[in-house]
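I am opening this notebook to record what I look up, entry by entry.

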Amino acid sequence: MGSIALTVLTLTLGMFFMFVGQFKVTPKFFPDIHEDMRREFGRLNKVFPLYEQTGWRPFAKNFRLAVGITEFVCGAILVLIPGRLKQLANVILLMIMLGAVYVHYMLHDKFERIAPGLVFSLLLLTRLIIHRQVTQREKRSKTEKKPAKVDKKPTKVEKKEESEEEEDDEEGVEQESDDQESQSDNEDKHDKKKNKKNK
């Protein structure tokens with residue numbers, strides 16, 4: 001169940017970010033949305049997250065293109081490329097979404113403009129959690145399914161010890177049989193003496 005949820009969430013997020021990245025990069029398919037994005041990034045650029053630390057802020061166009069290309073590439077990785085790269089793409093997209101939440105908050109935007117960033121941040125975080133749970137479950141199932149160890153072949157020393165034990169056992173059996181025979185002989189002699197006395 002976890003792997004199905006993970007697959008669905010991965011594909012949905014990947015396709016969403018591919019579309020959103022494409023809106024920011026080119027006006028070819030959706031010119032109206034692209035124009036809105038251009039205006040939005042002209043406003044968002046004023047509160048660039050690292051401006052206070054570095055004293056540098058990119059041009060609005062470069063900022064928009066960098067975010068759009070990153071979203072598109074990371075979305076494509078989520079959809080198309082298996083393995084650990086998916087987790088890296090997930091983390092990068094999560095950072096972008098948290099940055100979007102921060103920028104809208106600093107601009108004192110209404111909650112409805114902050115909400116999409118929050119929702120997709122939570123979805124990306126949920127995907128990371130589900131992925132971790134699925135990998136842990138797979139590791140546990142692999143360790144449970146490992147076959148029992150096959151008995152190893154006895155070494156020369158072990159073989160020698162076993163043969164010595166068998167010889168000791170045989171000697172013990174022979175001694176017991178000798179003892180029994182000597183006892184029976186003694187009993188026979190004793191019986192013969194009694195018979196002679198009686199006569």
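**Entry 1: H4 against H5**

I began with a crossing: H4 and H5 pass each other in a left-handed way. I note that the model I am reading is predicted. H4 covers residues 60-80, and its axis lies 9 Å from that of H5, at an angle of about 145°. I listed who meets whom. From H4 come Val-67, Thr-70, Glu-71, Cys-74, Gly-75, Ile-77, Leu-78 and Val-79. From H5 come Leu-85, Lys-86, Ala-89, Asn-90, Ile-92, Leu-93, Ile-96 and Met-97. Sorted by class, this contact holds 11 nonpolar, 3 polar and 2 charged residues.

**Entry 2: H5 against H6**

Next I followed H5, residues 85-106, to H6, residues 111-145. Their axes come within 9 Å and cross at roughly 155°. How do H5 and H6 run relative to each other, roughly parallel or roughly antiparallel? Angles over 145 degrees count as roughly antiparallel, so H5 and H6 are roughly antiparallel. The crossing of H5 past H6 is left-handed.

I then wrote down the partners. On the H5 side I found Lys-86, Gln-87, Asn-90, Val-91, Leu-93, Leu-94, Met-97, Leu-98, Val-101, His-104 and Tyr-105. On the H6 side I found Arg-113, Ile-114, Gly-117, Leu-118, Phe-120, Ser-121, Leu-124, Leu-125, Arg-127, Leu-128 and His-131. The contact of H5 with H6 splits into 13 nonpolar, 6 polar and 3 charged residues.

**Entry 3: Ser-121**

Is Ser-121 buried or exposed? Its relative accessible area is 7%. Buried means under 20%, so Ser-121 is buried. Which residues touch Ser-121, setting aside neighbours within four places in sequence? I found Leu-94, Met-97, Leu-98 and Val-101.

**Entry 4: H2 against H4**

I went back to H4 and checked H2. The two axes are 9 Å apart, and the packing angle is about 115°. H2 passes H4 in a right-handed crossing. H2 brings His-34, Met-37, Arg-38, Phe-41, Gly-42 and Leu-44. H4 brings Ala-60, Phe-63, Arg-64 and Val-67. I counted the classes in this contact as 6 nonpolar, 2 polar and 2 charged.

**Entry 5: Arg-38**

Arg-38 sits in H2, residues 31-44. I looked up its accessibility, which is 44%, so Arg-38 counts as partly exposed. I also checked Arg-38 against Phe-23. They are 15 residues apart in sequence, and their C-alpha atoms are 9.7 Å apart in space.

**Entry 6: the record**

I turned to UniProt. Its unreviewed entry places a "transmembrane region" at residues 63-81, 88-107 and 113-130. I compared two of these stretches with the model. Residues 63-81 are 95% helix and 0% strand, with the end C-alpha atoms 26 Å apart. Residues 113-130 are 100% helix and 0% strand, with the end C-alpha atoms 27 Å apart.

**Entry 7: the whole chain**

Last, I stepped back. How many helices and strands does the chain have? I found 7 helices and 0 strands. Along the sequence the pattern reads α-α-α-α-α-α-α. The chain has 199 residues, and 26% of them count as buried. Among contacts with a separation of 6 or more, 62% join residues 24 or more positions apart.

Terms used. Residues numbered from 1 in each chain as written. Predicted model: local features only at pLDDT ≥ 70, side-chain atom pairs only at ≥ 80, totals over all residues. Heavy atoms only, no water. UniProt positions renumbered as here; feature names shortened; annotations may be inferred. Helix = DSSP H or I, 4+ residues; strand = E, 2+ residues; numbered from the N terminus. Axes fitted to C-alpha atoms, helices over the stretch in contact; angles between N-to-C directions. Parallel < 35°, antiparallel > 145°, perpendicular 65-115°, else oblique. Left-handed = near helix turned anticlockwise from the far one by under 90°. Contact = heavy atoms within 4.5 Å. Nonpolar A, V, L, I, M, F, W, Y, C, P; charged D, E, K, R; others polar. Buried < 20%, exposed > 50% of the residue type's maximum accessible area, 1.4 Å probe, protein only.
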